[in-house]
Amino acid sequence: MFERFTKSARGAVKGAVVQAERAGADSVTDEHLLLALLDQEGTRSSVAFASLGIAGRREAVARALADVRRRGGLSKADEEALAGIGIDVTEVVSKVEQAHGEGAMGSGRRARRGLLTGHRPFTPQAKTILEKSLRVALGRGDRHIGDEHLLLALTAQPGAVADVLTEHGATYGAVERALFGGEPKAG
C-alpha cells in the first residue's frame, strides 16, 4: 500500500512519527497524523485547511485534541449525552485528577517495545486511517494515496479526531468541497 503514497502522504506519515516522538508518546495515533498534516505546507491538505480557515488555528486544534484526551477520549457529543442523564464530565474529570493527578483519564500507558527499540508502532486507529485513505482514493478513482486522502479518512473515521475537525468546520463534505469542488464522490 505504501508504494501508492505520494511524497506529501509519506511526509505526513513521517511527520506523525515525529509528532509522537516530540510528545513522548509510545505509539503513533490518528491525532499525530492530523497534527502532521497541519504542519505541512504546499500540499493539497494545506490548501483545504486554508480554505476552511483552519490553517492558522493549529494550536486551537492541538488544544481541542488535548482536551479530548484529558476527558478520557470522550467527545463533546458523549459529554452532552452524559449531561442529559445528569453526569457532569467536567466534574468527574476534576475529581479524578484531584485524586490521581492531571491527565489521569488520558491513556498514558507506555509500551516498552517503542521505548527500548526507538520504534513507535501505529495504533489500531491510526492504521485504520491509513487503510481508509486507500479506500477513499479508490472510491475517487485515484491511483495514488495523497495527503488529501489521509485528511478525508480522518474526517470519515468516527472518533475524537473527526469530532475536533468537525468542531473546526472540517466535515468530510466540507473538506471534499475544499479539495475537489463540485459534487462529492463516494468515499
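Phe-49 touches Leu-34, Leu-37, Leu-38, Ile-54, Ala-55, Leu-151 and Leu-165, leaving aside residues up to four places away in sequence; touching, or contact, here means heavy atoms within 4.5 Å. This is a predicted model, in which local features need pLDDT of at least 70 and side-chain atom pairs count only at pLDDT 80 or more, while totals for chains, interfaces and linings use all residues. Residues are numbered from 1 along each chain as its sequence is written, and side-chain values use heavy atoms, with hydrogens and water left out.

Phe-49 also turns up in the largest nonpolar core, which has 42 residues. Such a core is a set of buried Ala, Val, Leu, Ile, Met, Phe, Trp, Tyr and Cys residues joined through side-chain atoms within 4.5 Å. Buried means under 20% relative accessible area, with exposed being over 50% and partly exposed in between (1.4 Å probe, protein chains only). Along with Leu-33, Leu-34, Leu-154 and Leu-165, Phe-49 touches the most other members of this core. Two or more residues each come from α1 (7-23), α2 (30-39), α3, α4 (58-70), α8 (124-140), α9 (147-156), α10 (160-167) and α11. The largest share, six residues, belongs to α2.

Helices (H or I, at least four residues) and strands (E, at least two) are DSSP runs, numbered from the N terminus. Buried residues make up 42% of the 187 residues. Among contacts between residues at least 6 apart in sequence, 62% join residues at least 24 apart.

Now for how some of the helices pack. The axes of α3 (residues 44-51) and α11 (residues 172-180) come within 9 Å and cross at roughly 115°. Axes are lines fitted to C-alpha atoms, for helices over the stretch in contact, and angles run from 0 to 180 degrees between N-to-C directions. The pair is therefore roughly perpendicular, going by a scheme where angles under 35 degrees count as roughly parallel, over 145 as roughly antiparallel, 65 to 115 as roughly perpendicular and the rest as oblique. In this contact, Arg-44, Ser-45, Ala-48 and Ser-51 of α3 meet Ala-178, Leu-179 and Phe-180 of α11. These residues divide into four nonpolar, two polar and one charged. For these classes, Ala, Val, Leu, Ile, Met, Phe, Trp, Tyr, Cys and Pro count as nonpolar, Asp, Glu, Lys and Arg as charged, and the others, Gly among them, as polar.

Within α11, the buried residues are Tyr-172, Ala-174, Val-175, Glu-176 and Leu-179. What covers them includes α3, α8 and α9. Just after α11, Gly-181 takes a positive phi of about 65°.

Helix α3 also packs against α9, at an angle of about 50° and with the axes 7 Å apart. That makes α3 oblique to α9. Here Arg-44, Ser-45, Ser-46, Ala-48 and Phe-49 of α3 meet Asp-147, Glu-148 and Leu-151 of α9. By class, this contact has three nonpolar, two polar and three charged residues.

Helix α9 has a contact with α10 too: the axes of α9 and α10 come within 7 Å and cross at roughly 100°, so α9 is roughly perpendicular to α10. Leu-151, Leu-154 and Thr-155 of α9 meet Val-161, Ala-162 and Leu-165 of α10. That contact has five nonpolar residues, one polar and no charged ones.
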